[in-house]
Amino acid sequence: MTVDEKEKVNANGVPLFKHTVTKLDADMDKEVIYEFGGPVGVCAMMLGFPCLMYYFWICLEYHQGKLITPQSYSIQGLQSFVYNGLIHKVITGAFPHWQAVKIYMGFVLYSAICAYSLPGPIVEGLGLPSLKGKKLKYCCNGLPFWYLTLALSAILHYTGVFRLTQIADNIGSIMSVAIIWGFTMTTLVYVIASVMGKRHRMSGNFFYDFFMGAVLNPRVGPVDLKMWAETRVPWPILFFISVSCALKQYETKGYISAPAAFMVLAHFLYVNSMQKAEECIITSWDIFYEKDGFMLIFWNMAGVPFTYCLSSIYILKYEQATGLTISHSLPYTIFLYTLLLVGYYIFDTGNAQKNRFRMEQNGSFMTRLAFPQLPWGHLKNPTFIRTEHGNLLLTSGWWGIARKPHYTADLMMSISWGLITGFGSFLPYFYFCFFVCVLTHRVSRDMERCAKKYGKDWDRYCERVPYIFIPYVF
Ligand code: NDP
């Protein structure tokens, strides 16, 4: 960086630095490293994820969330258990019928049309090493999409044109459509990218490349498919599954219990935060570096909405099977609502502090009319470490306390999603357990990458902020 550039500081004391692609960035972008256990590991995941999703669905639909084994059916032999206990139930109870296709694919199509047509600010991404530093433009119309979707869904429900309770009524079949669509879309994106010669960072092993993806930035007109799939499909569907379960309870019992309302609030906060901070997602690792393969596509199209919703489904199915509503003492309920809201506050402001700081540095900072704007989301006169690379590493706000404060906050929220259901089933805790694995893997991947990228400056940063998740603990 030149002396002149160092002197350009904005009104908040943040030096401006236009992100440029260094040779190291370009080398790191091309490097192929086998992750997730290589070809064998990813094949196991591609087969295992859908099976696991069906297994969870059977446990919830027919067994009040209990984890079933061959003994649960008094069935002798694994083959018989798999056929009579599992496959038969999937075919009869989760068949992807036309109604389910209309609900799921209708929403997918609707959200794609919104992404294509609604207005929103145009924001530039980071310079891409594979495009010689070129920056792609993203139309951030997530907020109008979200508000429009909330209004339309309320109208459709109250006029009876589409009762939202139909989602809970057809959950197994809708999940089957999502699984089929996850595989179909992965195949389409892979084949089209290959035919168009847009393959990037390929390992040469078909299964591994199918899992990680072939193309980095698939686009249909102005719509970035990766960004659309990450923000516009999974989280709104997750929210509507919880709303549907709560409305179903209201229809049968005449009230919405505190745990059911909790899940609606939890999922509302998550999806709302994603839409209101959409412009910050553009510079995230998923959009900047990950390719668009099975891992991102399947997980967004099917995995996130139909495994992160297990708490909401459990609350409903338990009640339907036993006639009993899950409820807790007032202090326990207040404790969990507090845990959720405190977790959300740290999550929202932690992500905002870093992303806004980075946007200030890039000169792309903007204020948006979005609810809620929480105090301490934008740091005044932040402190930072200047790296030789040029990027600044934030060391104030939550980022002076820990290196991944937003992960800790996310985990606080995810454990609260399980605790609100009580201790009757493991399934509502699946998300938390899975998420611990995801974030642990992400942390080690990210730390390795940053250590390589920033060298001794990263060591200085780690000395300044020694704890990763919780100060004085870890
Ligand atoms: P992070 O927000 O952790 O971003 C990591 C990058 O941020 C680093 O590679 C580095 O990039 C930059 N960075 C790290 N430390 C600093 C610092 N002190 N100052 C400035 N920049 C820094 O990425 P994620 O995408 O993993 O997480 C974003 C959010 O998404 C989190 O809240 C996470 O919990 C959530 N999430 C949720 C998931 C879910 O399924 N619910 C799944 C995954 C994530 P650079 O190279 O630019 O320096």
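Visitor: Which side chain meets Glu-388 in a salt bridge?
Guide: Lys-456 does, at 2.6 Å from N to O. Keep in mind that this is a predicted model.

Visitor: Where do Lys-456 and Glu-388 lie?
Guide: Lys-456 is in helix α20 (residues 456–464), and Glu-388 is in the loop between β5 (384–386) and β6 (392–394), so the pair ties together parts that are 68 residues apart in sequence.

Visitor: Is Lys-456 buried or exposed?
Guide: Lys-456 is exposed, with a relative accessible area of 54%. Glu-388 is exposed as well, at 65%.

Visitor: How many salt bridges are there?
Guide: The count comes to 17. One of them joins Arg-445 to Glu-35, where the closest N and O atoms are 2.7 Å apart. Arg-445 sits in helix α19 and Glu-35 in the loop between α2 and α3, which puts the partners 410 residues apart.

Visitor: Is Arg-445 buried or exposed?
Guide: Arg-445 is buried, with a relative accessible area of 12%. Glu-35 is also buried, at 16%.

Visitor: Which residues are linked in a network with Arg-445?
Guide: Glu-35 and Glu-290 are linked with Arg-445 in a network of salt bridges.

Visitor: OK, helices. At what angle do α3 and α8 pack?
Guide: About 175°, with the axes of α3 (residues 38–63) and α8 (residues 171–195) 11 Å apart. Roughly antiparallel means an angle over 145 degrees, and α3 is therefore roughly antiparallel to α8.

Visitor: Which residues of α3 meet α8?
Guide: From α3 they are Met-46, Pro-50, Met-53, Tyr-54, Trp-57 and Glu-61. Their counterparts in α8 are Ile-171, Gly-172, Met-175, Ser-176, Ile-179 and Phe-183. By type, the residues of this contact of α3 with α8 divide into 9 nonpolar, 2 polar and 1 charged.

Visitor: What forms a salt bridge with Glu-61?
Guide: Lys-317 does, with the closest N and O atoms 3.2 Å apart. Lys-317 lies in helix α16 (residues 310–322) and Glu-61 in helix α3, so the bridge ties together parts 256 residues apart in sequence. Lys-317 is buried, with a relative accessible area of 10%, whereas Glu-61 is partly exposed at 32%.

Visitor: Back to α2. Which of its residues are buried?
Guide: In α2 (residues 23–30), Asp-25, Ala-26, Met-28 and Asp-29 are buried. Seen down the axis of α2, these buried residues fall within an arc of 165°, so they line one face of the helix. They pack against α19 (430–454). On the other side of α2, Lys-23 and Lys-30 are exposed.

Visitor: Now the backbone. Which peptide bond is cis?
Guide: The bond from Phe-371 to Pro-372 is cis, with omega near -10°. Pro-372 is in the loop between α17 (330–362) and β5.

Visitor: What is phi for Asn-381?
Guide: Near 45°, a positive value in a residue other than glycine. Asn-381 is found in the loop between α17 and β5, and it is exposed, with a relative accessible area of 55%. Phe-36 also has a positive phi, near 55°. Phe-36 lies in the loop between α2 and α3 and is partly exposed, at 23%.

Visitor: Why bring up those phi values and the cis bond?
Guide: Because most residues other than glycine have a negative phi, and most peptide bonds are trans.

Methods: Residues are numbered from 1 along each chain as its sequence is written. This is a predicted model: local features need pLDDT of at least 70, side-chain atom pairs count only at pLDDT 80 or more; totals for chains, interfaces and linings use all residues. Side-chain values use heavy atoms; hydrogens and water are left out. Axes are lines fitted to C-alpha atoms, for helices over the stretch in contact, and angles run from 0 to 180 degrees between N-to-C directions. Helices (H or I, at least four residues) and strands (E, at least two) are DSSP runs, numbered from the N terminus. Angles under 35 degrees count as roughly parallel, over 145 as roughly antiparallel, 65 to 115 as roughly perpendicular and the rest as oblique. Contact means heavy atoms within 4.5 Å. Ala, Val, Leu, Ile, Met, Phe, Trp, Tyr, Cys and Pro count as nonpolar, Asp, Glu, Lys and Arg as charged, and the others, Gly among them, as polar. Buried means under 20% relative accessible area, exposed over 50%, partly exposed in between (1.4 Å probe, protein chains only). The arc is that of the directions from the helix axis to the C-beta atoms. A salt bridge is a side-chain nitrogen of Lys or Arg within 4 Å of a carboxyl oxygen of Asp or Glu.
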